[in-house]
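Reader: I have a new model open. Please show me how to read it, step by step.

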Amino acid sequence: MSIVSFIKIGDRVLNVEELYKKYYPELYRFGYQLSQSDELSRDLVQESFLKLAVTGKQRFREIENKRAWLFRVIYNDFISHIRRDERARIFEAHLQHSQAEEPDMTEGYDRMERRKIVRDEMKKLTDNECALLFLYCDGFSYSEISEILNINFASVGNAILRAKAKLKKTLKTKYHGLFE
Amino acid sequence: MDCLSDLLLQQYLDNEVPGNEQHMVADNLAGCIACRERLEDMSLEKEEIGEILSVLAPAEIPVVELRRRPSISRTLWPLIPASAASVVLLILLFGGQKRNIESALEIERTVYEYMSEQDPNLMWQGKAVQIIIERENGEVVISQ
């Protein structure tokens with residue numbers, strides 16, 4: 001039995017490993033979208049569950065939406081540990097890794113090229129705008145987005161409009177027609 | 001009839017229109033071709049952006065076991081005698097509590113819980129504080 005295998009909440013035993021199995025794929029996906037790094041994504045997810053596991057019982061009870069809470073931890077940790085320059089370095093390293101070890105096999109040249117273009121253009125958006133678009137496209141509610149990114153609920157709609165406009169502008173200016 | 005704002009159309013698309021404006025938005029869309037077309041464009045745009053961003057998602061999601069990371073309590077655990085029916089001095093925190101324990105890992109978890117309750121922000125990690133763990137008949141007392 002590991003330290004994070006369960007947390008006692010009164011008489012109830014909540015199995016953190018069950019939550020891990022349930023949410024790992026989408027948390028990993030979110031971390032990967034943000035960082036473009038497999039290793040960092042794994043660490044972000046592991047760290048988020050460790051924090052959940054060691055959260056005090058009182059605090060744990062107060063977390064109504066565990067899923068959103070985990071996403072928020074991942075986002076905050078990403079922001080804390082990865083600066084923009086650092087991210088650019090990781091992106092580059094990842095791209096070289098992809099080209100070196102998996103040229104056309106796993107995703108194909110076209111997808112890899114598109115990824116490079118989108119990734120480069122996304123650097124022009126803030127981390128917050130990137131995360132907002134990822135969450136938005138993955139179907140998160142405004143309430144969840146507000147909680148995860150710590151922004152005012154009433155401003156989520158406008159934030160989405162602004163981020164979309166910025167993404168469209170940067171993609172269309174430089175790569176017009178690429179995705180048509 | 002005035003056309004809807006971009007914000008209201010966005011909120012409608014996302015099922016997030018505030019309750020007091022839902023009727024107004026529905027009425028407008030029923031009677032305004034231009035707004036319906038804008039809504040349709042917005043819907044297509046959402047799909048397109050989703051498709052564009054999907055290239056940044058991982059091609060595969062590896063299954064990784066939940067693991068533990070090195071921790072203060074684990075690092076110190078070897079210092080605790082196996083037969084620990086004695087008072088053991090450890091590096092850590094304040095207060096005094098009684099908890100049930102059954103194994104070494106239980107102690108480890110208990111210390112983590114205790115520390116986290118004292119400071120949910122985990123600022124204790126990496127710092128040296130002093131606590132006492134006393135083990136008696138399967139019970140442990142954590143105190144300063």
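Reader: How many helices and strands does chain B have?

Author: Remember that this model is predicted. Chain B has five helices and four strands.

Reader: In what order do the elements of chain B run from the N terminus?

Author: The order is α-α-α-α-β-β-α-β-β.

Reader: What percentage of the residues of chain B count as buried?

Author: Of its 144 residues, 38% do. The accessible surface of chain B is about 8200 Å². Carbon and sulfur atoms account for 51% of that surface.

Reader: Which pLDDT does chain A average?

Author: Where pLDDT is low, the predicted coordinates should not be read in detail. Chain A averages 78, and 71% of its residues score at least 70. Over residues 100–105 of chain A, pLDDT is below 50. It also stays under 50 over residues 1–13 of chain A.

Reader: Which elements of chain A have the lowest and the highest mean pLDDT?

Author: Strand β1 (residues 7–9) of chain A has the lowest, 43. Helix α8 (residues 142–149) of chain A has the highest, 95.

Reader: At what angle do helix α2 and helix α4 of chain A pack?

Author: To read a helix pair, take the angle and the axis distance together. Here the angle is about 125°, and the axes are 9 Å apart. The crossing is right-handed.

Reader: Which residues make the contact?

Author: Those of α2(A) include A:L40, A:L44 and A:F49. Among those of α4(A) are A:W69, A:L70 and A:F78.

Methods: Residues numbered from 1 in each chain as written. Chains lettered and ligands numbered in written order. Predicted model: local features only at pLDDT ≥ 70, side-chain atom pairs only at ≥ 80, totals over all residues. Heavy atoms only, no water. Helix = DSSP H or I, 4+ residues; strand = E, 2+ residues; numbered from the N terminus. Buried < 20%, exposed > 50% of the residue type's maximum accessible area, 1.4 Å probe, protein only. Areas by Shrake-Rupley, 256 points an atom, 1.4 Å probe, with all protein chains shown as cover. pLDDT = per-residue confidence, 0-100. Contact = heavy atoms within 4.5 Å. Axes fitted to C-alpha atoms, helices over the stretch in contact; angles between N-to-C directions. Left-handed = near helix turned anticlockwise from the far one by under 90°.
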